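Here is a short tour of one protein chain. Look at the sequence and the model first, then read on.

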Amino acid sequence: MSQLNCLNLCEIMHHLYELIPDFQEIITKANEIAGFDKCERIYIGSYFCGQYFLHQSKEMLDELRGFCEKEGVALTLVVPTFSEKDLERGKEKLATIKEWLGKIIDEVVVNDYGMLAYVSDRYHVSLHLGRLFTKDYRDPRYEEYFNQVLSPKIFNKYMLELVKAFKVKGVEFDPTHVGINFREAPEELIVGIHGPYCYMTTGHICEYASLNKEIDKKFRPNNPCTHECSSHIISYDLEDDREWIRIGKTIYFENRECSIYELEHMRMIYFPIDLEVGK
């Protein structure tokens, strides 16, 4: 099986850039912990948080563009599911980022049907279905289920019609089980596998965004924030020899042992969170 090496900087790029304001150094260190000789594509934006997506700065993205142009690295922009109140701002930010980065963004990952239709109608880019499209159960505490080899439910007639209608090029997965079998995957689709962390659950309420709020304004859905999540990561000790972390509104569990079956080519989308927490 051949593999394209990718780095996922979604949710953590702001803080990494604050810690190491040099993308050459960030990517070099991320490649080291991922075990990559070279990173061929970088994912930016957000899978889970509209607020994070809205706060991406031009200065940071200009620096990233310079690095990618120099090193010949492709860029994928990941667009989250926006709340209704943030939807117009989200579309405006998408257009702004696309203008800032231009043709270096040749691919957009969407995480809901509305944004799939919107991006397909307005931008000439390769479209991929993000990890929120895959609805398989994901909780290693249910060992009997977790220890099975998963056959993803997404590969069905409806999904194939969607792929054809919107000219979808790829679909993404998390390491939800001990193994995943892709025998049902259409040959023409690019399959991306996230690792070494699987997102287990996400929501609309962010406890980080409530840190500096008055008591009667805490724990509101899609609360505006000042990126408190960028400098705080919560670790959980569930006494199961597995790393559990929370970034923003999303909880992840570590799964480095997910085996992949019946797939000739894949993208390995590595999340270098270990670089951020200094492991």
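## A buried tyrosine

Tyr 43 is buried, at 1% relative accessibility. Buried means under 20% relative accessible area, exposed means over 50%, and partly exposed lies in between (1.4 Å probe, protein chains only). This is a predicted model, in which local features need pLDDT of at least 70, side-chain atom pairs count only at pLDDT 80 or more, and totals for chains, interfaces and linings use all residues. Residues are numbered from 1 along each chain as its sequence is written, and side-chain values use heavy atoms, with hydrogens and water left out.

Tyr 43 sits in strand S2, residues 41-45. Helices (H or I, at least four residues) and strands (E, at least two) are DSSP runs, numbered from the N terminus. Which residues does Tyr 43 contact, leaving aside neighbours within four places in sequence? They are Cys 6, Leu 7, Asn 8, Leu 9, Cys 10, Thr 76, Val 78, Glu 107, Val 109, Glu 172, Arg 267 and Ile 269. Contact means heavy atoms within 4.5 Å. Glu 107 is 64 residues from Tyr 43 along the chain, and their C-alpha atoms are separated by 9.4 Å.

## The chain overall

The protein chain has 9 helices and 15 strands. It has 279 residues, of which 57% count as buried. Take the contacts between residues at least 6 apart in sequence: 73% of them join residues at least 24 apart. The chain exposes about 13600 Å², and carbon and sulfur atoms supply 49% of that area. Accessible areas come from the Shrake-Rupley method with a 1.4 Å probe; for residues, only the protein chains shown count as cover.

## A methionine in a helix

Met 115 belongs to helix H6, residues 113-122. Met 115 is buried, with a relative accessible area of 4%. Not counting residues up to four places away in sequence, Met 115 touches Val 79, Phe 82, Leu 87, Lys 91, Leu 94 and Val 110. Val 79 is 36 residues from Met 115 along the chain, with 8.1 Å between their C-alpha atoms.

Cys 39 is buried at 2% relative accessibility. Cys 68 is buried too, with a relative accessible area of 2%.

## Pockets and cavities

Rolling a probe the size of a water molecule over the atoms shows where empty space is left. The search uses a 1 Å grid over the protein atoms alone: a cavity is a set of points where a 1.4 Å probe fits but cannot get out, while a pocket is an open set with protein on both sides within 12 Å along at least five of seven lines; lining residues have an atom within 4 Å of a point. Grid points are joined across faces, edges and corners, and a volume is the space filled by probe spheres set on the points.

| Space | Volume |
|---|---|
| Largest pocket | about 300 Å³ |
| Second largest pocket | about 250 Å³ |
| Second largest cavity | about 60 Å³ |

There are 3 cavities of 30 Å³ or more. The second largest cavity is lined by 10 residues, and Glu 11, Cys 49, Ile 247, Gly 248 and Lys 249 are the closest to its centre.

The largest pocket has 20 lining residues; Thr 81, Asn 111, Leu 132, Thr 202 and His 204 lie nearest its centre. The lining of the second largest pocket includes Phe 182, Pro 186, Glu 262 and His 265.

Glu 262 has a positive phi, near 55 degrees, in a residue other than glycine. Glu 262 is in the loop between strand S14 (259-261) and strand S15 (265-270), and is exposed at 55% relative accessibility.

Asp 241 also has a positive phi, near 60 degrees. Its loop runs between strand S11 (234-236) and strand S12 (244-247). Asp 241 is exposed, at 83% relative accessibility.

Gly 195 and Pro 196 are joined by a cis peptide bond, with omega about -5 degrees. Pro 196 lies in the loop between strand S9 (190-195) and strand S10 (197-202).
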